[in-house]
Amino acid sequence: MTESTMKPPKKALTPVKWMREHLFSTWYNSLLTVVVGYLVVTSVGPLLNWALFDANFQGADASDCSGAGACWLFISQRLNFFIYGFYPDELQWRVDIMFLLLAVAFVPQFIERFPGRKWFGIFGMTGLPVIGYFLIPGGNFGLETVESTKWGGLMLTLILAYIGILASLPIGVLLALGRRSEMPIIRGLSVVFIEVWRAVPLITVLFMASVMLPLFLPEGMNFEKLMRALIGITLWQSAYMAEVIRGGLQAIPRGQYEAADALGLGYWKKMGLVVLPQALKLVIPGIVNTFISLFKDTTLVLIIGLFDVLGTVQSTVTDPAWQNVAVEGYVFVAFCFWIFCFGISRYSQNLERKLDTGHKT
Amino acid sequence: MNKTKSIVLGMALASGAFAASGAMAATTLENVKEKGHLQCGVTSGLPGFSQPDEKGNWTGIDVDTCRAVAAAIFGDAKAVEFTPLTAKERFTALQSGEIDMLSRNTTWTLTRDASLGLNFAGVNYYDGQGFLINKDIGVDDATQLDGATVCIQSGTTTELNLSDYFRAKGMEFKPIVFDTSEQTVQGFSAGRCDVLTSDRSQLAALRSKLADPESAKILPNTISKEPLGPVVRQGDDQWFNIVKWVLSVQINAEELGVTSANADDMLKSDNPNIQRLLGTDGDMGAKLGLPADFGHKVVKMVGNYGEMYDRNVGPDTPLGLDRGINALWTEGGIMYAPPVR
């Protein structure tokens, strides 16, 4: 380390000095500190009381909830339904295996120097969906069939998000390349596809898929509602993805394309080996942003009567046997979403750090 | 504008053509038998009518109506798959053949019966719209509600009934509209309105969700008629008859004192009405395309109408609804089924 890049010496502050500098430096900062401090002190106490100290965690039914605090008992009693939906009890091990495989594939990604973690990630992208495709619906290898109408809860949310994410990325890449292509028909089709799908709200797409589409299909040719929703979500999402990736493609300097041409690389090699690796790396934040918003958008399937984790909670909080448990239910849903979205976000930051080649300033 | 119109018309014609071609295919009963289960559309969660319980099993009076039809066809009340539907989707799901019958808290009205290509196969619950009020405002009758603020759930017929009622009485009201029923209760609980209006069957459940249920009471007035019942596609009379008569069998069973507990003993009964109902005499089942003992199966597996009512919405359930007009005609209600003969 040369002298010019050396960091300034750390300032050692006593707590009192630190407070004076950060909290009470001017009269209005002091005032804000006092007001905010008051709000925090008065709200945290009741919140903790509600969520922890006065809350009911154990018991058998609604009468074990005192009503003084949160009734988490409601969540624990219904947890099975919130996670698996209507999936038959005795077959839930199949879903458990998928949860386990999901953890096996992605937990190593958070641990630096985990041996062969790249392979775990690749398994997550390829092997995992294939296993899921056979395991969850069943119907082959002697597994009992479970109709998609019985899937629900967190499991359905994850299926929708996972397939949506996994399928929209490659379609998005192709659309982005298509939009920048020099072939007019391909370019035209890509532009039309992107502009049409991006210009309609997801709710419209889902309604179209669940309400209008069945009217046009001949009787007997009904594909499942879940399948229709999945196709809708994937196409809609890939239009967004395409534009994010196009942003990356545009950021690659012309020289890179020309250099690849000069090396005699064909179109696919040029894109696959030179342009896309750089472009995708640049737009990781944008891609992850789209993933996270897709993850949360899956809750919209609620309006077409699919029971995702929010749907299962909403359908049961009205149960008259319990007191008002809506808040507990929604807090639980928020927590589920936060865990997964935060996970995705941390993973992407990891990825960015790992792929960083010093372009960031 | 004209273009839009012709596109919409084209869509409607195309869908009509498909619906017509569908009617010529196999009958609904054949389709259901081939599938091995009945596909039944229900709500996505309405206490007492159709709601998943702790284990994810559907329960409710609408759900039991579906189970009874399954019991009649297959002799197995479990041979049903449920499709949760939103209010907007329900009729399309039935028209397109995604479900075989709709049992989703649906009010029988002329428009729906005449213009949607559907048939209402009877009434399994007579509901009506009522009011829940804060005791503090000191009102005993809905006619005293002039100038009240009213909490309503948006997009339901409730909203229309309410304005009809107030206009007819020459009264004013201030609506406060919410999206879901929990929000409506929260709004009422927080004192944003004096009155909450909803179907009477739900008012008791909503009241139990209040922080202090004693602070509110239900007014005696009923301002609308909401006959709720199962719905089938138009154009398959056999299927229409099956759904209609399964419900009638349940109501007749209550009238004749046949319950799920005594259904087996009643097979030995000398009463010709009971014999016809349970299939020990006559060929009632064959006329509908069902097994001869379908009535016995329905009552044994799902119960008679009264049992179905008590189990799901009756006084011993959290909803705690008295039979009221849903009592049999012999007991002061209007529940009346044509005879099985």
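Two residues are in contact if their C-beta atoms, placed from the backbone, lie within 7 Å. This definition is applied here to a predicted model, in which local features need pLDDT of at least 70, side-chain atom pairs count only at pLDDT 80 or more, and totals for chains, interfaces and linings use all residues. Residues are numbered from 1 along each chain as its sequence is written, while chains are lettered from A and ligands numbered from 1 in the order in which they are written.

Chain A contains 15 helices and zero strands, where helices (H or I, at least four residues) and strands (E, at least two) are DSSP runs numbered from the N terminus. The C-alpha trace of chain A spans about 75 × 75 × 40 Å along its principal axes. Of the 361 residues in chain A, 30% are buried, that is, 20 or more other C-beta atoms lie within 10 Å of their own. Among contacts in chain A between residues at least 6 apart in sequence, 65% join residues at least 24 apart.

The contact between the chains takes 32 residues from chain A and 32 residues from chain B. On the side of chain A, two or more residues come from each of α3 (72-84), α9 (202-216) and α14 (309-316). The largest share, five residues, is given by α9(A).

One of these elements, α14(A), is mostly covered, with eight of its eight residues buried. Among them are A:Val309, A:Leu310 and A:Thr316. The buried residues of α14(A) pack against α3, α7 (153-179) and α15 (326-355) of chain A, together with β2 (51-52) of chain B.

Note on methods: A residue is buried if 20 or more other C-beta atoms lie within 10 Å of its own, exposed if 12 or fewer, and partly exposed in between; C-beta atoms are placed from the backbone.
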